Amino acid sequence: MSYLTLRGINKIYPNGFHAVHDFNLEIEKGEFIVFVGSSGCGKSTTLRMIAGLENISKGDFFIDGVRANEKGPRERGVAMVFQSYALYPHMSVYDNLAFGLMLQGVDEDVIEKKVLNTAKILGLTDYLDRKPRALSGGQRQRVAVGRAIIRKVNIFLMDEPLSNLDAKQRVTMRSEITQIHRETGATTIYVTHDQTEAMTMADRIVVMKEGYIQQVGTPHDLYFNPSNMFVAGFIGEPPMNFIAGRLQGGKINVGATQLDLGMVADKNVLDKYEGSEIAFGFRPEAIKLVGKEDVQNAYRLTGEVELTELLGDNTNVYMDIQDVKSILKVDPHDTPEMDSKLEFAIPYESVYLFDKQTEKRIKLRETSK
């Protein structure tokens, strides 16, 4: 059995709302797991059930092989970092870090040693005498993380801890939390709605939607092998483009342009979906600009540029491809003019197909990517 095991976990509130459905997951010791999904998908509720802050309506939760459903938060040996910093405003940084150890009756010399060591790890040594109101948002979040790691527990639970920080602070804290995880070796479960945080921090990601797990895998798995349209559209920035069409004779139409899907999928696969609505997917960064790059073994499409967003390292190009809206990601030096025509190519190996009715990914070949 894995270090943390969730079997058939459900959360049903007294009013009948079913927040989490049949959640199954095995987490190994020392893993960094990220729950990701849009607001209301059940990720924070699941975290709170793991913490012991919410009762489990149905299912079993095990910590190191021992059933923990009825155990309280203290008995589970977890430390939790919330979205709100939850610091004691009248206490100094030193006292905020030390408070939990003081309640446990730890010797003052030991407390001092642990506080100083934790402050050093988090870059808080120069702020130990300050009150929270004298700190920046990033510094306050470091103190909140410090209160968790100073206890040396085996399980860290973090519920959107960076959502109150600005973009630059989030990038810094992402790397710091990842480094702390490596140094402590604790099993960490991290909740976020930000897929960039999930992709950059996780060993494995759990993608959730409306209380259901959509897919569990490494960042690489989810990006290159999404199981359905929701995961494909959620992971990646900008999201994957989808062009819907009815499969006729192994082809779909994009406006007046016909795409022969026999170039990417086996005939028996296409025969199975003949006459059905499918979605042709490609990532914005997978395209090549005709005339700028060598284009072979690719579909060619032409569209009108509606909007461009120069982001420094790349430009997002919003396209109207014969009444189909798409986003392309191009080199900033290749930023096209507004309202101009732009021809681009989608390499065959970068194409994804989905069953529009079930939204599940279609396996193209026996050895599909």
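These legends describe close-up views of a predicted model.

**View 1. Helix 6 from end to end.**
Helix 6 covers residues 167-184, 18 residues in total. From its first C-alpha to its last, helix 6 reaches 26 Å. That is close to the 26 Å expected at 1.5 Å a residue. Look at the start of the helix for a contact between a side chain and the backbone. There, a side-chain oxygen of aspartate 166 comes to within 3.3 Å of the backbone nitrogen of lysine 168. Now move to the other end. Just after helix 6 sits glycine 185, with a positive phi of about 70°.

Which residues of helix 6 are buried? They are Met173, Arg174, Ile177, Thr178, Ile180 and His181. Seen down the helix axis, these buried residues fall within an arc of 160°, so they line one face of helix 6. The face turned away from the buried side carries the exposed residues Lys168 and Arg182.

**View 2. What covers the buried residues of helix 6.**
Both helices and strands take part in the cover. The helices include helix 4 (108-122), helix 5 (137-149) and helix 7 (195-201). The strands include strand 3 (32-36), strand 7 (155-159) and strand 8 (187-192).

Strand 3 and strand 8 make a parallel pair over five bridges. In this view, find valine 34, which stands opposite tyrosine 190 of strand 8.

Strand 15 pairs with strand 19 (residues 341-347) in the antiparallel sense, over two bridges. Lysine 288 has alanine 345, in strand 19, as its bridge partner.

**View 3. A cis peptide bond at proline 238.**
Most peptide bonds are trans. The bond from glutamate 237 to proline 238 is cis, with omega near -5°. Where does proline 238 lie? Proline 238 is in the loop between helix 9 (229-234) and strand 11 (241-246).

**View 4. Two residues with a positive phi.**
Most residues other than glycine have a negative phi. Aspartate 64 is not a glycine, yet its phi is positive, at about 50°. Aspartate 64 belongs to the loop between strand 4 (58-63) and strand 5 (66-67). Is aspartate 64 buried or exposed? Its relative accessibility is 54%, so aspartate 64 counts as exposed, because exposed means over 50%. Glutamate 359 is not a glycine either, and its phi is positive at about 65°. Glutamate 359 is placed in the segment after strand 20 (352-355). With a relative accessible area of 30%, glutamate 359 is partly exposed.

Notes:
Residues are numbered from 1 along each chain as its sequence is written. This is a predicted model: local features need pLDDT of at least 70, side-chain atom pairs count only at pLDDT 80 or more; totals for chains, interfaces and linings use all residues. Side-chain values use heavy atoms; hydrogens and water are left out. Helices (H or I, at least four residues) and strands (E, at least two) are DSSP runs, numbered from the N terminus. The expected span of a helix is 1.5 Å times one less than its number of residues. Buried means under 20% relative accessible area, exposed over 50%, partly exposed in between (1.4 Å probe, protein chains only). The arc is that of the directions from the helix axis to the C-beta atoms. Contact means heavy atoms within 4.5 Å. A polar contact is a pair of N or O atoms within 3.5 Å; within protein, one must be able to donate a hydrogen and the other to accept it, and residues adjacent in sequence count only if both atoms are side-chain atoms. Two strands pair if DSSP finds at least two bridges between them.
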